[in-house]
Amino acid sequence: MSWIYIQQAIPAFINGFFLTLKLATIGIIGALLLGIVVAFWLYYQVIGHHVLRLYIAVSRNTPLLIQLFFIYYGLPGIGLKIPAEQTAILGLIFLGGSYMADAFLGGLEAVPKIQVESGQVVGLSTWQLARYVIFPQGILYSLPAIGANIIFLIKETSIFTVIAIPEITNTALDLIGQNYRSNEYLLMMVVSYAIILIPLSLGLSWFERRLRRVNFSN
Amino acid sequence: MLTSAINLILAGTNLSRLIEGLGVTIEISFLSIFFGTILGGFLGLLWSNVTGVERGFFRTYLEIFRIVPTIPLLFLFYYTFPRDLNFNLPATVVSVLVFSLWFGAEFSDIVRAAVQSVAKGQKESAYAIGLTTWQSYRYVLLPQSLVNILPAYINLSTRIIKTTSILLLISVTEVITVGQQIIEANSSNRAVPLVVYGLIALFYFSINGTLTWLSKKIERKVVANDR
């Protein structure tokens, strides 16, 4: 382990760190939005929900790496060229959307039937029921799963290295290849992820504990 | 273009080479799941029965494998440890080692949670009628937790299978590496990557989709039994 290598690599890792953060943030927000739409779609069994089931199955049962390769190297074959960063974000949304949809759907389905029925009895419209009864409660039930998905998706961003995006993992692997030293760069890589993941994981579990005190009805 | 690309993949040994690569993927996954199950099952049972410092030890092992992404783990075992500790392992063995440790960590948590979720009265009743610790696990706790373990176990297995995709980084000749070789050899046809990666996605989908379907089926059965 040599300090000088670590010092020299700091700027590169800072760049990689913020790129990881940026791509993860955009991708996760996109995945959350897609997940909400898909979850409500499935919850109300709107026309076309079989297609969404297929999307979830494909997205969950294939590796992100293949999804990225397919978009980045495959799609140009039919004339669709997407730059690397957009591919990464698209891939993360495609993958995360299904995980988030499952998390939301689990939450929506956990809302007690009596809540929905009471809402109908007091004359709420379908939209009002969704907006004021089902969504606020469902989202609380789904929060633990959403938190776990966020951490999972951040770790998945390390796969972006295979389409040569200079995020944390790519920075580390690049430096290892250049300087033939692995200890320093692997350590910096793990530390970089830890800086994101440890506070996030602690924050999420604190948030969950607080939420458990929230109690509707009964 | 697309049709000619499909014909190109079906021609010669391309398809059989891909399937051979898939065999490596499956072999590494299977061995990792096998060893990980033994390791995780053993640790999980121990974990379900301890408190204090010992529990902290299990927790640390689990958290390390949860927080550190798989790529640095793989590189640590492939480059750093062999050089520093002066030993040499083939890439496939390193893969199985890392994935087994990872599977073991995650699986031990599943086992612990399942055993602890069996109603407390069950354990106490087992002791009350004079069963030993071993007997209470063998006849009371394990059979009841098994149904809860299975869906999570299968889900974890699909995760391992998906993660083997990153093995191309340490040059294991699994299905994606073979795919890349085929694409390189046929670089004149621009539609080949689409067909090759689409086909590989289909391979993963068939294996993991079947497993997921199986776990959903078991899950429904468990819910039905509880009623």
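B:Asn86 is exposed, with a relative accessible area of 70%; here exposed means over 50%, buried under 20% and partly exposed in between (1.4 Å probe, protein chains only). The model is a predicted one, in which local features need pLDDT of at least 70 and side-chain atom pairs count only at pLDDT 80 or more, while totals for chains, interfaces and linings use all residues. Residues are numbered from 1 along each chain as its sequence is written, chains are lettered from A and ligands numbered from 1 in the order in which they are written, and side-chain values use heavy atoms, with hydrogens and water left out.

## Positive phi in two loops

B:Asn86 is not a glycine, yet its phi is positive, at about 60 degrees. The residue sits in the loop between α4 (70-85) and α5 (91-117) of chain B. Helices (H or I, at least four residues) and strands (E, at least two) are DSSP runs, numbered from the N terminus. A:Gln45 lies in the loop between α1 (3-43) and α2 of chain A, and its relative accessibility of 49% makes it partly exposed. Most residues other than glycine have a negative phi.

## Chain A

Chain A contains eight helices and zero strands. Its C-alpha atoms fill a box of roughly 70 × 50 × 20 Å along the principal axes. Of the 218 residues in chain A, 49% are buried. Contact is taken as heavy atoms within 4.5 Å; among contacts in chain A between residues at least 6 apart in sequence, 78% join residues at least 24 apart.

The expected span is 1.5 Å times one less than the number of residues.

| Helix of chain A | Residues | Number of residues | First to last C-alpha | Expected span |
|---|---|---|---|---|
| α2 | 49-61 | 13 residues | 18 Å | 18 Å |
| α7 | 168-179 | twelve residues | 17 Å | 16 Å |

In α2(A) the buried residues are A:His49, A:Leu52, A:Tyr55, A:Ile56, A:Ser59 and A:Asn61. An α-helix has 3.6 residues a turn, so residues three or four places apart point the same way. The buried residues of α7(A) include A:Ile168, A:Leu173, A:Leu175 and A:Ile176. The buried residues of α7(A) pack against α1 and α8 (183-212) of chain A, together with α4 of chain B.

Within helix α1 of chain A is A:Gly30, which counts as buried at 15% relative accessibility. A:Gly30 and A:Glu117 are 87 residues apart in sequence, and their C-alpha atoms are 32 Å apart in space.

## Record annotations on chain A

An unreviewed UniProt entry lists residues 17-208 of chain A as "domain: ABC transmembrane type-1". Positions from UniProt are given in the numbering used here, with feature names shortened, and annotations may be inferred rather than shown by experiment. In the model this span is 81% helix and 0% strand, and its end C-alpha atoms lie 27 Å apart.

The unreviewed entry also lists "transmembrane region" for residues 23-44, 64-82, 88-108, 129-154 and 185-207 of chain A. Residues 129-154 of chain A are 100% helix and 0% strand, with the end C-alpha atoms 33 Å apart. Residues 64-82 of chain A are 58% helix and 0% strand, and there the end C-alpha atoms are 16 Å apart.

## Core and interface

The largest nonpolar core has 121 residues, and A:Phe13, B:Ile176 and B:Ile200 have the most contacts inside it. Such a core is a set of buried Ala, Val, Leu, Ile, Met, Phe, Trp, Tyr and Cys residues joined through side-chain atoms within 4.5 Å. Leaving aside neighbours within four places in sequence, B:Ile176 is in contact with residues of chain A, namely A:Leu65, A:Ile66 and A:Phe69, and with residues of chain B including B:Leu168, B:Tyr197, B:Ile200 and B:Tyr204.

B:Thr164 lies in the loop between α7 (133-163) and α8 (175-185) of chain B and is buried, at 0% relative accessibility. Not counting residues up to four places away in sequence, B:Thr164 touches B:Thr25, B:Ile28, B:Ser29, B:Phe99, B:Glu174 and B:Tyr204.

Between the chains, 33 residues of chain B are in contact with 34 residues of chain A. The area buried between them is about 2,900 Å², with 73% given by carbon and sulfur atoms. B:Lys162, B:Leu194 and B:Tyr197 supply 21% of the area that chain B buries against chain A, more than any other three residues. Buried area is the accessible area (1.4 Å probe) that two parts lose on being put together, summed over both.
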